[in-house]
Amino acid sequence: MINRQRAFLLMAMPAVIIFFIFHTYPVLQGIFYSFTNWRGYGEWDFVGFRNYLNVFQDGRALSSYWFTFKFAVVSTILVNIFSLAVALGLNAKIKFQKTLRAIYFMPNILSILIVGFIFNFIFTHFLPEIMGVLGLDAWAKNILGDPDTAWIGIVIMTVWQATAFNTILYLAGLQTIQEDVYEAAEIDGANAWKKFLKITFPLIAPFFTINMVLAMKNFLMAFDQIIALTNGGPGQATESISLLIYKGGFEGGEFAYQSANAVIYFIIIVVISVFQIRVLQKREVEM
């Protein structure tokens, strides 16, 4: 037994060491530097909580927080609506079911950057030209070039790409529902809408919780899609927190300041995720 435990420990140690070196240590290092004035190079001094206090007085940071929350909430809602609808359709008894499942999962295989560059071309050239030919001059413009509409383009691209993964999770949940339950509901005279509200949705509530938490967390950390579509522009209209931390920390000589911003944002994401889990799991118990 001792030899077996020693063997398991030896097998696990390389992964633990690699995880600590490339994840835990950099996190601890970032937290340490958040209490200094280090610019990413040269000398530094301790400044206490000054960086943390400055974040709440920084107009650019507050604007980025507002954009990120707006983008994350809207995208999370839309992704779950579309993915649940697609999952219900793919779970039905239709022809070419397996082929359609593979097709709908393809966006999840593609790189977010590649998808972003494709949508950048669509929004910048393809759609304006099509709208111009159709005589719809009011729509013949690049929405990514307008500070008021650029975030909508990012939402469209993100929802299209992210729906695939959430659909798979919902499909997994739908597969756990026994067909006998629906047959009993039909005998009682329940229509399709009532079966969804009273049977399907309550029984896949755990999968709904998982999708909501994962989607919100991923969208709060949005980076690649914004880099590919707008790079935070026009101006700073679509600058997410992750992009602000990257630009300020690695390009703007604000390493310590953006480290404090990253710590604050990490705490916010954890609090939001825990709050979502607590609220949605209570709903599961009630149902």
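Author: Start with burial. A residue is buried under 20% relative accessible area, exposed over 50%, and partly exposed in between (1.4 Å probe, protein chains only). Tyr 33 counts as buried, at 13% relative accessibility.

Reader: What kind of model is this, and how are residues numbered?

Author: This is a predicted model, numbered from 1 along each chain as its sequence is written. Local features need pLDDT of at least 70 and side-chain atom pairs 80 or more, while totals for chains, interfaces and linings use all residues; side-chain values use heavy atoms, with hydrogens and water left out.

Reader: How many helices and strands does the chain have?

Author: Both are DSSP runs, numbered from the N terminus: helices are H or I with at least four residues, strands are E with at least two. Here the chain has 12 helices and zero strands. The C-alpha trace spans about 75 × 75 × 35 Å along its principal axes.

Reader: What share of the chain is buried?

Author: Of the 287 residues, 36% are buried. Surface is a separate total. Accessible areas come from the Shrake-Rupley method with a 1.4 Å probe; for residues, only the protein chains shown count as cover. The chain's accessible surface comes to about 17,400 Å², and 69% of that belongs to carbon and sulfur atoms.

Reader: What share of the contacts join residues 24 or more positions apart?

Author: A contact means heavy atoms within 4.5 Å. Take the contacts with a separation of 6 or more: residues 24 or more positions apart account for 70% of them.

Reader: Which residues does UniProt list as "transmembrane region"?

Author: UniProt positions use the numbering here, feature names are shortened, and annotations may be inferred rather than shown by experiment. The unreviewed entry lists several ranges, including residues 65–90 and 102–123. In the model, residues 65–90 are 100% helix, with end C-alpha atoms 37 Å apart. Residues 102–123 are 91% helix, with end C-alpha atoms 26 Å apart.

Reader: Where does the record place "domain: ABC transmembrane type-1"?

Author: The unreviewed UniProt entry puts this feature at residues 65–276. That range is 76% helix and 0% strand in the model, and its end C-alpha atoms are 19 Å apart.

Reader: Now the aromatic rings. How is a pair described?

Author: By the distance of the centres and the angle of the planes. Rings of Phe, Tyr and Trp (its six-membered ring) pair if their centres lie within 6.5 Å; planes under 30 degrees apart count as stacked, over 60 as edge-to-face, and the rest as tilted. The whole structure holds 24 aromatic pairs. One of them joins Tyr 33 and Phe 255, edge-to-face, at 6.0 Å centre to centre and 80° between the planes.

Reader: Which parts of the chain does the pair tie together?

Author: Tyr 33 lies in helix H1 (residues 2–33) and Phe 255 in helix H12 (residues 255–286), so the pair links parts 222 residues apart in sequence. Phe 255 is partly exposed, at 22% relative accessibility. Phe 255 also pairs edge-to-face with Phe 250, at 6.2 Å centre to centre and 90° between the planes. Phe 250 is exposed, with a relative accessible area of 61%.

Reader: Which residues form one aromatic cluster?

Author: Among them are Tyr 33, Phe 250 and Phe 255, along with Trp 38, Trp 44 and Tyr 246.

Reader: Is Asn 211 buried or exposed?

Author: Asn 211 is buried, with a relative accessible area of 1%. Asn 211 sits in helix H9 (residues 205–220). Leaving out residues up to four places away in sequence, Asn 211 touches Asn 80, Asn 166, Leu 169 and Tyr 170.

Reader: What does Leu 229 touch?

Author: Leu 229 belongs to helix H10 (residues 224–229) and is buried at 7% relative accessibility. Its contacts, again without residues up to four places away, include Gly 116, Phe 119 and Met 157. Leu 229 and Met 157 are 72 residues apart in sequence and 9.0 Å apart in space, C-alpha to C-alpha.
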